[in-house]
Structure formats: C-alpha cells, structure tokens
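The following exercises are to be worked through with the sequence and the model side by side. Each task is followed by a solution in steps.

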Amino acid sequence: MTNQLRCRITIKGAVQGVGFRPFVYRLATELSLTGWVNNSAEGVFIEIEGQQAPVELFLQRLETEKPPLALIKSLETAWLEPVGYQEFEIRASVGGAKTAIVLPDISTCSQCLAEIFDPQNRRYLYPFTNCTNCGPRYSIVEALPYDRPHTTMKHFPMCPECLQEYENPLNRRFHAQPNACPQCGPHLELWNDRSEVLSQHHDALLAAAEAIKQGKILAVKGLGGFHLMVDAGNETAVQLLRSRKQRPEKPFALMYPSLAKVKQDCQISEIEEKLLLSPEAPIVLLRRHSHSNIAPGVAPGNPYVGVMLPYTPLHHLLMAELGFPVVATSGNLSDEPICTDETEAISRLQHIADIFLVHNRPIARAVDDSLVK
C-alpha cells in the first residue's frame, strides 16, 4: 500500500501507572493503525504504522487526549521505513536507564468508591479496591518499570475475574498493577498488642470503628504507613494520645467522613474545597468555627486545624462506619520515622495504641500525608 509510514515515539514523564498504554492501544485501534507500545525504565515506547493522515492524527491526539493523571515531559518522534505490522499490541516491558517517573499514590476515584458501597458489586466493602485511575503507586513500587512483578502486589496472584479485567483493553482495570478483589487480594485483620488476631476482613473494620467509639486509640496500617486514630470530639481520648505519643502541644491532623461534615466545623473557601477533593488528597489548614465539636486538645490555642478527607477505600469504609471526625496522626513517637510494617508497629506502638487494624499488602516506601495552606 502506498504512503504507509512508520513512526517511533519515545515519551518521558509521568506515563506509567496512569493508563497510558491502554489509552495508546485504544487510540491506535480506533484509527486502524498497527504497531506496538511498551513500558521501559525510561518511559513509554510506541511504534505506529499506517497511512499519513491517521498517523498524524494519532500524534496530535496523543497529547490532547492523554489520561488525566499523565504528564508528558518530552515526546520524540523518528520516521522509519514501514515493516508491515499486522495488528497493534501491548508488548512486555523492557529495562534501560531508570528515568521514568513513578506517580504518587492517588485517592480513590468516584467509580471505585461507588463499587465499594454497592451491595451488588463483587468489590462491595472491599478496602483494597482500585483501578488505573486511582490507588497505590509510589508506596508499592520496588523497581522500574512499573509492572506488577516489580510491586508488593506480586504476592497476590490475580483470580480469573481480576485477570480478565487486567487483560481487557476496554476495561478501566486494564494493566492496573494493584488490581485485586476479596477473592485474591490483600485483607484486613484486627490485632491486639500481642499480635493475636481478634477478627478478619470486614468484621475487623467494624470492631476497629467500635474501639474508636469507645475512646480507644487505634493504629491503622494505611497506604504509606500507620496512622494513630482517636475520636476527635473526645477530649479524654485526645489527651491520652498526647501523653502516650509524647506530643504535648503540636496540633493533630483530622480526617473527616465527608465535605459536609468539614463545613459544620470549619470555614472553607472554594480553593480549599478543591484542594481537599484533589487526587493528591492533602491535609488542608482550615480556620475552625467557634462552635465546632472538635476537642480543644486537638490544636490547643490554634484557630486552625489540619483537615483531610478519606483517600483510600479502607479510610472511606472506616469513616462511613464512624460518621464523625477522628484524629489521624502519623504512627510513631514524636520525632521518630513513621511505622510501615505491622510487626514493627506492634513493637514500636504497643505503648501508644490499644488495638491495631492491619493488612497483608507490604508497604515498599513510607509516605507521609502532604500539608497545604
């Protein structure tokens, strides 16, 4: 066929773990182009072949329609002789110089959130639900390129249903590396301070919520480490946490179940609301109302409080069960690094926490919550 072109494209930036390869696959297929795409330790490589007009349109749409979380730092093209590719495929990743950017962990997207609260969905109440648009990234990566065998999810072989989603280019979990479900993925356990298992799965979460309601201090293994949690309206519990954590005055961060609950206690501007709801889900400093229900010991003598919303399915489920704000401070003694491993947490936090909500997905890297004003 005349005027067939082959174009080699090298893209660098935040293009792994954001659904970039499935996007390239769908775009190439839609434009009837052949070739391949793969991840490398440097970024994403593409070879595309076809008529001039669709190839040029492909290049144009690559930048204008890229996935929302993708960031293209450089895009290089080289024009080559056609080789006659018969189809478009996603090829296995390759090594090379490690320059690819690994994205930070991303807060739960609206679609995954809908699934965990839908009794008809197979991921109903599952605290490790994620897809290409959300979930852990940086905290689970052990090596580049960002592929499942290079993450802490390598310990969880996918069940047939999850594998089908992972291999289907039209599914939003196509090549979502942390993809999992209650059948094949990580699960929760509630431990006492002697590492004895008190309950598992959703029962563990319900018992953890009950402990907070009773004024106890809960250590929760989250995305990038442990949080210490207590009822933010219970001054006795807050003061107990202060004395055990050896943190006499420094303000504690709060986690709220919803934006509506934040507005009951704090003044919030349009930009502060946007920050709270952003995919990065930072702690945002807000001025509290004089009539707020927050215990005085949360931020002694300070008109501001640090507020965040739930950013993982685990936090969403726990906060939905509680319905009120909690202190969510880093799981450590003052000035120590944050705990990331449950066995380490028992030895380091047993004199602070009464009970431990843990899971069996290893954390490769500690990540603290970001703070924004």
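**Exercise 1.** In this predicted model, determine which residues Thr-108 touches, leaving aside residues up to four places away in sequence.

Solution. Step 1: locate the residue. Thr-108 belongs to the loop between β5 (88-90) and α3. Step 2: list its contacts. Beyond four places in sequence, Thr-108 touches Leu-113, Cys-134, Tyr-311, Thr-312, Pro-313 and His-316. Step 3: classify its accessibility. The relative accessible area of Thr-108 is 13%, and buried means under 20%, so Thr-108 is buried. Step 4: consider a residue further along the chain. Pro-157 is 49 residues from Thr-108 along the chain, and the C-alpha atoms of the two are separated by 22 Å.

**Exercise 2.** State how many aromatic pairs a search of the whole structure finds, and classify two of them by geometry.

Solution. Step 1: count. The search of the whole structure gives four aromatic pairs. Step 2: take Phe-20 and Phe-23. Their ring centres are 5.7 Å apart and their planes meet at 75°, so this pair is edge-to-face. Both residues lie in helix α1 (residues 20-30), three residues apart, about one turn of the helix. Phe-20 is buried at 1% relative accessibility, and Phe-23 is buried at 9%. Step 3: take Tyr-25 and Phe-174. The centres of these rings are 6.4 Å apart with planes at 55°, so the pair is tilted. This pair links distant parts of the chain, 149 residues apart: Tyr-25 is in helix α1, and Phe-174 is in the loop between α4 (160-167) and β6 (188-191). Step 4: compare accessibility. Tyr-25 is partly exposed at 22%, whereas Phe-174 is buried at 4%. Tyr-25, Phe-88 and Phe-174 form one aromatic cluster.

**Exercise 3.** Identify which ring lies under Arg-242 and which under the charged end of Arg-365.

Solution. Step 1: Arg-242 lies over the face of Phe-252, at 4.1 Å from the ring centre. Step 2: the charged end of Arg-365 is over the ring of Tyr-138, 5.2 Å from its centre.

**Exercise 4.** Describe the setting of Leu-125 and of His-201, two residues with a positive phi.

Solution. Most residues other than glycine have a negative phi. Step 2: inspect Leu-125. Its phi is about 60° although it is not a glycine; Leu-125 lies in the loop between α3 (110-116) and α4 and is partly exposed, at 24% relative accessibility. Step 3: inspect His-201. Its positive phi is about 55°. His-201 is found in helix α5 (residues 201-213) and is partly exposed, with a relative accessible area of 44%.

Technical notes
Residues are numbered from 1 along each chain as its sequence is written. This is a predicted model: local features need pLDDT of at least 70, side-chain atom pairs count only at pLDDT 80 or more; totals for chains, interfaces and linings use all residues. Side-chain values use heavy atoms; hydrogens and water are left out. Rings of Phe, Tyr and Trp (its six-membered ring) pair if their centres lie within 6.5 Å; planes under 30 degrees apart count as stacked, over 60 as edge-to-face and the rest as tilted. Helices (H or I, at least four residues) and strands (E, at least two) are DSSP runs, numbered from the N terminus. Buried means under 20% relative accessible area, exposed over 50%, partly exposed in between (1.4 Å probe, protein chains only). A charge sits over a ring if NZ of Lys or CZ of Arg is within 6 Å of the ring centre and within 35 degrees of the ring normal. Contact means heavy atoms within 4.5 Å.
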